[in-house]
Amino acid sequence: MDSSGQAAAVRAAFEHAWGAYEKHAFGKDELKPVSCEGEDSFSGLGVTLVDSLDTMLLMGLMPQFKRARNWVAEHFLPRSMAAKGRLPRINVFETTIRVVGGLISAYDLSGDAVLLEKAVYLVDRILPAFNTSTGIPFGEVDLNSGLGRNPQWTSGFSILSEAGSLQ
């Protein structure tokens with residue numbers, strides 16, 4: 001298979017996967033493939049959707065991008081949730097690489113100011129996780145209070161691979 005055939009196969013695979021996600025789990029963090037149900041396993045930030053924005057732009061899938069972008073504009077961390085103290089506790093590493101990275105790369109490719117605005121809003125709420133005596137960020141931060149902590153399963157310690165990847 002030549003490179004154009006490979007590109008077409010990758011695009012078809014993405015369209016298939018995205019179509020299932022959009023039909024069964026749009027706005028959820030991920031699609032459970034066996035049950036075809038959406039699940040908010042990363043604090044309900046629409047991780048799959050946000051992480052896919054740049055891919056849709058690179059593949060020229062503008063109708064799909066526009067629907068996803070509109071979801072981000074209307075539903076991603078709305079300020080009404082913050083006013084009610086209903087923002088989630090998030091994993092700093094995963095949220096930084098998948099959500100902040102997804103928003104910034106999609107902004108860079110599209111120039112859509114809404115994506116940058118949402119990234120800045122989220123980053124401002126993540127920053128307290130870096131306010132530690134050691135300089136090593138907490139693994140989690142509560143987006144309402146700004147209080148950081150490390151996951152209980154780590155006995156209160158930072159995860160070196162996560163912290164190091166953020167530097």
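Q: Which element gives the most to the lining of the largest cavity?
A: In this predicted model, α7 gives the most, with 3 residues. The elements that give two or more residues to this lining are α5 (92–110) and α7 (160–166).

Q: What makes the space lined by Val92 and Leu166, among others, a cavity and not a pocket?
A: A cavity is a set of points where a 1.4 Å probe fits but cannot get out, whereas a pocket is an open set. The structure holds 1 cavity of 30 Å³ or more, and the volume of the largest cavity is about 60 Å³. Its lining is made of Val92, Phe93, Pro137, Phe138, Gly139, Ser158, Ile159, Glu162, Ala163 and Leu166.

Q: How many residues of each class are in the lining of the largest cavity?
A: There are 7 nonpolar, 2 polar and 1 charged residues.

Q: Which residues line the largest pocket?
A: The lining consists of Ser41, Phe42, Ser43, Leu45, Val47, Arg89, Ile90, Asn91, Glu94, Thr95, Val99 and Glu140. β3 (89–91) and α5 are the elements that give two or more residues to it. The space in this pocket is about 150 Å³, and its lining residues divide into 5 nonpolar, 4 polar and 3 charged.

Q: Why is phenylalanine 76 called buried?
A: Buried means under 20% relative accessible area. Phenylalanine 76 has a relative accessible area of 1%, and is therefore buried. This residue lies in the loop between α3 (62–75) and α4 (79–83).

Q: What does phenylalanine 76 touch, not counting residues up to four places away in sequence?
A: Phenylalanine 76 touches Leu45, Val50, Trp71, Val99, Leu103, Lys118 and Leu122. Each of these counts as a contact because it has heavy atoms within 4.5 Å of phenylalanine 76.

Q: Which residues touch the most other members of the largest nonpolar core?
A: They are Leu53, Val72, Phe76 and Leu103, in a core of 33 residues. At least two residues of this core come from each of α1 (3–25), α2, α3, α5 and α6. The largest share, 6 residues, is supplied by α2.

Q: What makes α2 a mostly covered helix?
A: Of the 12 residues of α2, 9 are buried, and buried means under 20% relative accessible area. The buried ones are Val47, Thr48, Leu49, Val50, Ser52, Leu53, Asp54, Met56 and Leu57. The elements that cover them include α1, β1, α3, α5 and α6. Just after α2, glycine 60 has a positive phi of about 70°.

Q: Why does threonine 132 count as buried?
A: The relative accessibility of threonine 132 is 18%. The cut-off for buried is under 20%, so threonine 132 counts as buried. Threonine 132 sits in the loop between α6 (113–126) and β4 (140–142).

Q: How do you know that threonine 132 makes a polar contact with isoleucine 136?
A: A polar atom of the side chain of threonine 132 lies 2.9 Å from the backbone oxygen of isoleucine 136. A polar contact needs a pair of N or O atoms within 3.5 Å, so this distance meets the cut-off. Leaving aside its neighbours within four places in sequence, threonine 132 is also in contact with Pro137 and Phe138.

Q: Why is cysteine 36 called partly exposed?
A: Partly exposed lies between buried, under 20%, and exposed, over 50%. Cysteine 36 has a relative accessible area of 34%, so it is partly exposed. This cysteine is in the loop between β1 (30–32) and β2 (37–39).

Q: Why does serine 43 count as partly exposed?
A: Serine 43 has 29% relative accessibility. Buried is under 20% and exposed is over 50%, so serine 43 counts as partly exposed. Its place is the loop between β2 and α2 (47–58).

Definitions and conventions: Residues are numbered from 1 along each chain as its sequence is written. This is a predicted model: local features need pLDDT of at least 70, side-chain atom pairs count only at pLDDT 80 or more; totals for chains, interfaces and linings use all residues. Side-chain values use heavy atoms; hydrogens and water are left out. Helices (H or I, at least four residues) and strands (E, at least two) are DSSP runs, numbered from the N terminus. Buried means under 20% relative accessible area, exposed over 50%, partly exposed in between (1.4 Å probe, protein chains only). On a 1 Å grid over the protein atoms alone, a cavity is a set of points where a 1.4 Å probe fits but cannot get out, and a pocket is an open set with protein on both sides within 12 Å along at least five of seven lines; lining residues have an atom within 4 Å of a point. Grid points are joined across faces, edges and corners, and a volume is the space filled by probe spheres set on the points. Ala, Val, Leu, Ile, Met, Phe, Trp, Tyr, Cys and Pro count as nonpolar, Asp, Glu, Lys and Arg as charged, and the others, Gly among them, as polar. A polar contact is a pair of N or O atoms within 3.5 Å; within protein, one must be able to donate a hydrogen and the other to accept it, and residues adjacent in sequence count only if both atoms are side-chain atoms. A nonpolar core is a set of buried Ala, Val, Leu, Ile, Met, Phe, Trp, Tyr and Cys residues joined through side-chain atoms within 4.5 Å.
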